[in-house]
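Visitor: I have a few minutes and a new model to look at. Can you walk me through it?

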Amino acid sequence: MIRFMADADFNDVIVRGCRRREPDMDFLSANDAGLEGVADPDVLALAAAQDRVLVSHDLKTMPRHLGDFLQAHGFSPGLIIVPQHMPIGQAIEELVLIWGVSEAEEWKNRWRALPLPYAEH
């Protein structure tokens, strides 16, 4: 089962919407994780320590930080980038779909930006 962690820049409305839609979804908010002001490499380390796929809006720098993290540490549970412009409902739908149909192992050491090719809109 996939466990998620929201980056500090991530819209908490999406986290709450996912939890409301799927109460069994383990989605740690940035606030609950205490990520305000934490540098991206440290956020990746916290997500890895808790075996959580990081979910972020930061397409500009987070994939590069993930690459650096993988070179230094050799493992990450993964990264999902949700574009800022994506409608909240669509973001919730896609994250719930990912949670429901994929295994955590599929995301290890990878990153993807939404929308995913298999999602219907």
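Visitor: Start with Asp-51. Where does Asp-51 lie?
Guide: In the loop between helix H3 (40-49) and S3. One caution first: this is a predicted model.

Visitor: Noted. What is the phi of Asp-51?
Guide: Positive, about 55 degrees, although Asp-51 is not a glycine. Most residues other than glycine have a negative phi.

Visitor: Is Asp-51 buried, partly exposed or exposed?
Guide: Partly exposed, because its relative accessibility is 35% and the class runs between 20% and 50%.

Visitor: Which other residue has a positive phi without being glycine?
Guide: Asn-109, with phi near 60 degrees. Asn-109 sits in the loop between H5 and S5. Its relative accessibility is 38%, so Asn-109 counts as partly exposed.

Visitor: And peptide bonds? Which one is cis?
Guide: The bond from Leu-114 to Pro-115 is cis, with omega near 0 degrees. Pro-115 lies in the segment after strand S5 (111-113). Most peptide bonds are trans.

Visitor: Let's zoom out. How many helices and strands are there in the protein?
Guide: Five helices and five strands. From the N terminus the order is β-α-β-α-α-β-α-β-α-β.

Visitor: How do S1 and S2 run, parallel or antiparallel?
Guide: Parallel. Three bridges join S1 (residues 3-6) to S2 (residues 26-28).

Visitor: What does the chain pass through from S1 to S2?
Guide: Helix H1 (residues 12-21). That β-α-β crossover is right-handed.

Visitor: What about S1 and S3? How many bridges there?
Guide: Three, and S1 and S3 (residues 53-56) run parallel. Phe-4 stands opposite Val-53 in S3.

Visitor: Then S3 and S4. How do those run, parallel or antiparallel?
Guide: Parallel, again with three bridges. Leu-54 stands opposite Leu-79 in S4. With helix H4 (residues 62-73), S3 and S4 make a right-handed β-α-β unit.

Visitor: Stay on S3. Which way do its side chains point?
Guide: Val-53 and Val-55 point one way, Leu-54 and Ser-56 the other. In a regular strand the side chains alternate between the two faces of the sheet.

Visitor: And are those four buried or exposed?
Guide: All are buried, on both sides of S3.

Visitor: On to the core. How many residues has the largest nonpolar core?
Guide: It has 24 residues. Those with the most contacts inside it are Phe-4, Phe-10, Phe-27, Ile-80, Val-82 and Leu-95.

Visitor: Which elements give two or more residues to this core?
Guide: S1, H1, S3 and helix H5 (88-101). The largest share, six residues, comes from H5.

Visitor: How many residues are in the second core?
Guide: There are 14, in a separate core. Among them are Ala-30, Met-62, Leu-66 and Phe-69.

Visitor: Back to Val-82. Where is Val-82 found?
Guide: In the loop between strand S4 (79-81) and H5. Its relative accessible area is 0%, so Val-82 is buried.

Visitor: What is Val-82 in contact with, leaving aside neighbours within four places in sequence?
Guide: Phe-10, Val-55, Ser-56, His-57, Ala-91, Leu-95 and Leu-114. Take Val-55: Val-82 and Val-55 are 27 residues apart in sequence and 7.2 Å apart in space, C-alpha to C-alpha.

Visitor: Now Ser-29. Is Ser-29 buried or exposed?
Guide: Buried, because its relative accessibility is 4%. Ser-29 lies in the loop between S2 and helix H2 (30-33).

Visitor: Which residues is Ser-29 in contact with, beyond neighbours within four places in sequence?
Guide: Ala-6, Asp-12, Val-15 and Arg-19.

Visitor: Last topic, overall shape. What is the radius of gyration?
Guide: 13 Å. A compact globule of 121 residues would have a value near 14 Å, so the protein agrees with that. The C-alpha atoms fill a box of roughly 35 × 30 × 25 Å along the principal axes.

Visitor: How much of the protein is buried?
Guide: Buried residues make up 45% of the 121. The accessible surface comes to about 6300 Å², and 51% of that belongs to carbon and sulfur atoms.

Visitor: And which share of the contacts with a separation of 6 or more joins residues 24 or more positions apart?
Guide: They account for 69%.

Conventions. Residues are numbered from 1 along each chain as its sequence is written. This is a predicted model: local features need pLDDT of at least 70, side-chain atom pairs count only at pLDDT 80 or more; totals for chains, interfaces and linings use all residues. Side-chain values use heavy atoms; hydrogens and water are left out. Two strands pair if DSSP finds at least two bridges between them. A crossover is right-handed if, with the strands pointing away from the viewer, the path from the first strand over the helix to the second runs clockwise. A nonpolar core is a set of buried Ala, Val, Leu, Ile, Met, Phe, Trp, Tyr and Cys residues joined through side-chain atoms within 4.5 Å. Buried means under 20% relative accessible area, exposed over 50%, partly exposed in between (1.4 Å probe, protein chains only). The radius of gyration is taken over C-alpha atoms; the globule rule is 2.2 Å times the number of residues to the power 0.38. Contact means heavy atoms within 4.5 Å. Accessible areas come from the Shrake-Rupley method with a 1.4 Å probe; for residues, only the protein chains shown count as cover.
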